[in-house]
Amino acid sequence: ITGTPEQTGATTVTITANDGAAQVSDMFAINVTADQDAVMAKFAGRIDLEALETYINPAVPDYFRAPNTVLNPVTDKGATLGRVIFYDDDLSVTGFVACATCHVQANAFSEGDDTPTSQGIFGEFTGRSSTRLVNTLYGEEERFFWDERAENMEDQVTKPFKDHNEHGFSGEMGRPDFDDMMAIMQADAAYRELFRFVFLDETITEERIQSALAQFVHSIVSFDSKYDTGRAAVADDMDPFPNFTADENAGKNLFMRPAAANDGAGCSSCHVPPEFAIQMDIAVTAAVSARKMR
């Protein structure tokens, strides 16, 4: 009997033999455990493939819209691998920049310093500030990056690794390329165990990296920010939030009301509450790109 188990735990197997004259059956159990010696050593037991964190179906606020339909749904296994990749600063040409360097959890997975744009390898800056990564599975958000050049989350997540100023695996000016980054991962026994655990074999490909990272990002939900606490206490975004000061409620109203109104700034037309999904039409996207080019 040969095969690759898809999950850990006890599997019951029944064997039946029949020689045409008689038949006999026997049943026995196979206990399947995760191969994770390298994972345990690398992460000092902080990641246990036999007891994963829960990423599927997170508790979301009642006022959220329904999640978007995606072809790559969140799984505990995939999101665990995605989280490892997200925080791994070895996946940059200098070994000091991770996705989490610019997408900081304490700042809604957005910019983590006082600079207007993100700072990547060798102190080089990107063209724009990093976008927030919370609630990306909700609010009808489909395209990503400020100019919405990524068709979906899977398309988005590996582009920063290939960017010359971000992670640096651009293949330009003598730098290594994305294949070199995957070779670094393939040489790491812990990554081989993780990919085998998630995909049933240890081969590392861009498609598999995209799948895992997208699952992790899609699992990130905002539920306890000051905005979330206030919004949960009222019926509508325009109602005064009881936990906001008068100035904060006035600022919220400016943000929410359309620019055509005398008392609105129109921010919510692109940053759509309550999930703050980024939605820009073709004209707005073209205008943003033109400003960047100037």
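Asp88 touches Lys42, Val97, Ala98 and Tyr191, leaving out residues up to four places away in sequence; touching, or contact, means heavy atoms within 4.5 Å. That's our way into a predicted model, where local features need pLDDT of at least 70, side-chain atom pairs count only at pLDDT 80 or more, and totals for chains, interfaces and linings use all residues. Residues are numbered from 1 along each chain as its sequence is written, and side-chain values use heavy atoms, with hydrogens and water left out.

**Around Asp88**

- You'll find Asp88 in the loop between helix H2 (76–86) and helix H3 (99–102). Helices here are DSSP runs (H or I, at least four residues), as are strands (E, at least two), and the numbering starts at the N terminus.
- Asp88 is buried but has no salt bridge, and the nearest side chain of opposite charge, Lys42, sits 4.4 Å away. Buried means under 20% relative accessible area, exposed means over 50%, and partly exposed is in between (1.4 Å probe, protein chains only).
- A salt bridge needs a side-chain nitrogen of Lys or Arg within 4 Å of a carboxyl oxygen of Asp or Glu.
- What Asp88 does have is a side-chain polar contact with the side chain of Tyr191, at 2.7 Å. That term covers a pair of N or O atoms within 3.5 Å; within protein, one must be able to donate a hydrogen and the other to accept it, and residues adjacent in sequence count only if both atoms are side-chain atoms.

**Salt bridges**

- The whole structure holds nine salt bridges.
- Lys42 pairs up with Asp188, their closest N and O atoms being 2.6 Å apart. This pair ties together distant parts of the chain, 146 residues apart: Lys42 is in helix H1 (residues 37–43), and Asp188 is in the loop between helix H6 (178–186) and helix H7 (189–199).
- Lys42 counts as partly exposed because its relative accessibility is 34%. Asp188 lands in that class too, at 21%.
- Arg196 bridges to Glu202, with the closest N and O atoms 2.7 Å apart. Arg196 is partly exposed at 28%, and Glu202 is partly exposed at 31%.
- Asp35, Arg196 and Glu202 are linked in a salt-bridge network.
- Asp201 and Arg208 make another bridge, with the closest N and O atoms 2.9 Å apart. Asp201 is partly exposed at 30%, whereas Arg208 is buried at 19%.

**Around Ala214**

- Ala214 is part of helix H8 (residues 206–218), and its relative accessible area is 0%, so it counts as buried.
- Setting aside neighbours within four places in sequence, Ala214 is in contact with Asn72, Met153, Glu154 and Val157.
- Leu137 is 77 residues from Ala214 along the chain, and the C-alpha atoms of the two are separated by 9.9 Å.

**The whole chain**

- The protein chain has eleven helices and four strands, and its C-alpha atoms fill a box of roughly 90 × 55 × 35 Å along the principal axes.
- Of its 294 residues, 42% count as buried.
- Take the contacts between residues at least 6 apart in sequence: 50% of them join residues at least 24 apart.
- The chain carries 22 positive and 47 negative side chains, and the centres of the two sets lie 6 Å apart. Lys and Arg count as positive and Asp and Glu as negative, with His and the chain ends not counted; each charge is placed at NZ of Lys, CZ of Arg, CG of Asp or CD of Glu.
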